[in-house]
Amino acid sequence: MSLKMSILGLVSYKPMTGYDIYKLFDGSLKFFFAAQQSQIYRELNDLEKIGFVSARREEQESRPTRKIYSITQEGEAALFDWLVDYSEEPHFSQRLPYLTKIFFAAKIPDEELLKSILRFRELAKAKLGKLETSYANADAFINSFQLPKDDFFYWELTIDYGLRIFQMNIDWADRAIGLLESRIAAANAD
């Protein structure tokens, strides 16, 4: 349901094509919510079937006809209900496949786990860098989609969370690397 509602939230800004929605998703939500372009189109079709968005066709001279999606009153009501529904806290019941691997890492040599955590740290640093760059260019991005400036306050709240999560991942990796290096050194000293 979160992908549907995320798409609905984006369409609530203004009428957009599926491609516009994908580009906006790719420049914002993708930092904490993964979705492929094909998933977005599939969800748009579902949202249209249930009446949360409507689509109109727009002819173009040198390109194929495109669909412009708009949120309906039913869609606005559903989005509102979803935004104020605090009955569950799914954000604390996330799946973290990498930590599951760490949990069972006694089955591999510590040197292999060290390589894995070093790679994890590199990836976290790269993602942090991308998010920092995205944040630095957020005004231009928002302007390119002609989105309401006031919405950026809420985007900043999520960006701040993302920055802190990636930094926490780096901090955890640094600690885990130190612990593993000590463990490997102690094993080699024996």
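**Figure 1. Arg-56 and Glu-58 pair in this predicted model.** Arg-56 counts as partly exposed because its relative accessibility is 46%. Its partner in a salt bridge is Glu-58, with the closest N and O atoms 3.4 Å apart. Glu-58 has 24% relative accessibility, so Glu-58 also counts as partly exposed. The whole structure holds eleven salt bridges.

**Figure 2. A salt bridge joins Lys-4 to Glu-43.** The two side chains meet at 2.5 Å, N to O. The pair links distant parts of the chain. Lys-4 sits in helix 1 (residues 2-11) and Glu-43 in helix 3 (residues 37-49), 39 residues apart. Both Lys-4 and Glu-43 are buried. Asp-46 belongs to the picture too: a network of salt bridges links Lys-4, Glu-43 and Asp-46.

Figure 3. Glu-122 has a relative accessible area of 48%, so Glu-122 is partly exposed. Arg-119, at 46% relative accessibility, counts as partly exposed as well.

**Figure 4. Gln-60 occupies the loop between strand 2 and strand 3.** Strand 2 covers 53-58 and strand 3 covers 66-71. The side chain of Gln-60 reaches the backbone oxygen of Pro-64, at 2.7 Å. Gln-60 counts as partly exposed because its relative accessibility is 25%. Ser-28 lies 32 residues from Gln-60 in sequence and 28 Å away in space, C-alpha to C-alpha.

**Figure 5. The second largest pocket is lined by residues that include Gln-60 and Pro-64.** The volume of this second largest pocket is about 170 Å³. Helix 2 (18-26) and strand 3 are the elements that give two or more residues to its lining. Among the lining residues are Gly-18, Tyr-19 and Asp-20, as well as Arg-66, Lys-67 and Tyr-69. Thr-17, Tyr-41 and Arg-63 also line the second largest pocket.

**Figure 6. Five residues form a nonpolar patch on the surface: Phe-80, Trp-82, Leu-83, Val-84 and Tyr-86.** Together they have about 560 Å² of accessible area. Val-84, one of the five, lies in the loop between helix 4 (73-83) and helix 5 (97-103). Val-84 counts as partly exposed because its relative accessibility is 40%.

Technical notes. Residues are numbered from 1 along each chain as its sequence is written. This is a predicted model: local features need pLDDT of at least 70, side-chain atom pairs count only at pLDDT 80 or more; totals for chains, interfaces and linings use all residues. Side-chain values use heavy atoms; hydrogens and water are left out. Patches are made of residues with over 30% relative accessible area and no salt bridge: like charges are joined within 9 Å, nonpolar side chains (Val, Leu, Ile, Met, Phe, Trp, Tyr) within 5 Å. Accessible areas come from the Shrake-Rupley method with a 1.4 Å probe; for residues, only the protein chains shown count as cover. A salt bridge is a side-chain nitrogen of Lys or Arg within 4 Å of a carboxyl oxygen of Asp or Glu. Helices (H or I, at least four residues) and strands (E, at least two) are DSSP runs, numbered from the N terminus. Buried means under 20% relative accessible area, exposed over 50%, partly exposed in between (1.4 Å probe, protein chains only). A polar contact is a pair of N or O atoms within 3.5 Å; within protein, one must be able to donate a hydrogen and the other to accept it, and residues adjacent in sequence count only if both atoms are side-chain atoms. On a 1 Å grid over the protein atoms alone, a cavity is a set of points where a 1.4 Å probe fits but cannot get out, and a pocket is an open set with protein on both sides within 12 Å along at least five of seven lines; lining residues have an atom within 4 Å of a point. Grid points are joined across faces, edges and corners, and a volume is the space filled by probe spheres set on the points.
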